[in-house]
Amino acid sequence: MTKMGLLLAVVCSFALGSLFTPLVRGMAARLRISEKPNGRNSRDIAHIGGVAIISAILFTLLPLFLFFLPDSPLMQAFVPVLIASGFLVFLLGIIDDLRSLHYLYKLILQVAVSVFVAAVGLALMMHFGQTRLAAVLIVPLFFSIAVWMLAVTTSFNLIDGLDGLASGLAFIAAASFAVAGRMSGQPLVVAVSLVVCGATLSFLRYNFPPATIFMGDSGSLFLGLLFGLISLLIVAPGENAFFRIAGCVLILAVPLLDTTLAFSRRLITRRPVFEADHRHLHHMLLYRCRSSRKVDLILWAAAAVFGALGVLTMAGSTAALGAALLLAVLLFVAALRSMVRFRLPEATEEEILGGCGIAVARNAMRQR
């Protein structure tokens, strides 16, 4: 695609997102689909914003795939996987948004989608001659892809706990992937990433604190799925695989770090691994800053730094990789230590969370 074509793709997804988001918000109000106090927030706000994000992305990608992007074996493998897995993830997310699935059922369905992406995606890549593997490598690669997809979708789902946070992180990650795709000469990666940029930026207008709509699980799971697929597209050619894999991890470092911290902390403190709580990275920052906007800016800045280091790493920079690893280790150790030792009076905690629209419902916590 030309630069003008890519610019039009961004403008189109932004315009569609700006159109669909208020429409979805109005529809949710008419149908009385609003978030109820369940341990996550205390505001009656539409929480099916993912419908707007997904619609803006798909309605922009469809003409791109049909008329503008060159037909290639990589796209022939990507499109059916995106459509099928995207539908499954959206169905899972919208059911959870409306009915609040038990975490065990949700986890099983996420694992099923991840396995589907790994199996079908790998089969199509081999069928179209994009990947040639020895028989002994097929099973390890299959499990690696499935685990990666599960990790990314789960991480984006869990990081969506504060107004504007997930949509801002998604925009930064998509912009980083677009630059990486441009540098590596992968037009499909650039096009998909820029479309995500436009859709998430338009949604952020309504999701920025104080939010008037949430993306919900349908939006966060779908974005996680897209970033998992985009990263697989970047690695698929097999060139500089180590640096490309490391770069993808760094671009998604903030949500991955938050999930790793959450599970590590619960194991250390002997809490149930899947128990919902208000001790995520963004919550800990919220207790100190007492402002959703300040927390968003801090984590967006961290994501931008990791995104830049990730892009440089994909270009083969060992210095960028070393700096990113050192920064990630320091942040992980400092954050985990702070989380384990954290003590705050319950009344103060409730006051801070309540001021940001987050309800503390101890006996009715939603399992995540």
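Modeller: Let us begin with burial: a residue is buried under 20% relative accessible area, exposed over 50%, and partly exposed in between, with a 1.4 Å probe and protein chains only. Val 11 is partly exposed because its relative accessibility is 47%. Val 11 lies in helix 1 (residues 3-30); helices are DSSP runs of H or I with at least four residues, numbered from the N terminus. This is a predicted model, in which local features need pLDDT of at least 70, side-chain atom pairs count only at pLDDT 80 or more, and totals for chains, interfaces and linings use all residues. Residues are numbered from 1 along each chain, and side-chain values use heavy atoms, without hydrogens and water.

Colleague: Is Ser 114 buried or exposed?

Modeller: Ser 114 counts as buried, because its relative accessibility is 3%. Ser 114 belongs to helix 4 (residues 103-127), and its side chain reaches the backbone oxygen of Gln 110 at 2.9 Å. Contact means heavy atoms within 4.5 Å. Leaving aside neighbours within four places in sequence, Ser 114 is in contact with Ala 146, Met 149 and Leu 150.

Colleague: How many residues does the largest nonpolar core have?

Modeller: A nonpolar core is a set of buried Ala, Val, Leu, Ile, Met, Phe, Trp, Tyr and Cys residues joined through side-chain atoms within 4.5 Å. The largest one here has 112 residues, and Phe 65 is among those with the most contacts inside it. Helix 7 (residues 187-207) gives the largest share of this core, 13 residues. Not counting residues up to four places away in sequence, Phe 65 touches Met 75, Phe 78, Val 79, Leu 82, Leu 188 and Val 192.

Technical notes. Helices (H or I, at least four residues) and strands (E, at least two) are DSSP runs, numbered from the N terminus. A polar contact is a pair of N or O atoms within 3.5 Å; within protein, one must be able to donate a hydrogen and the other to accept it, and residues adjacent in sequence count only if both atoms are side-chain atoms.
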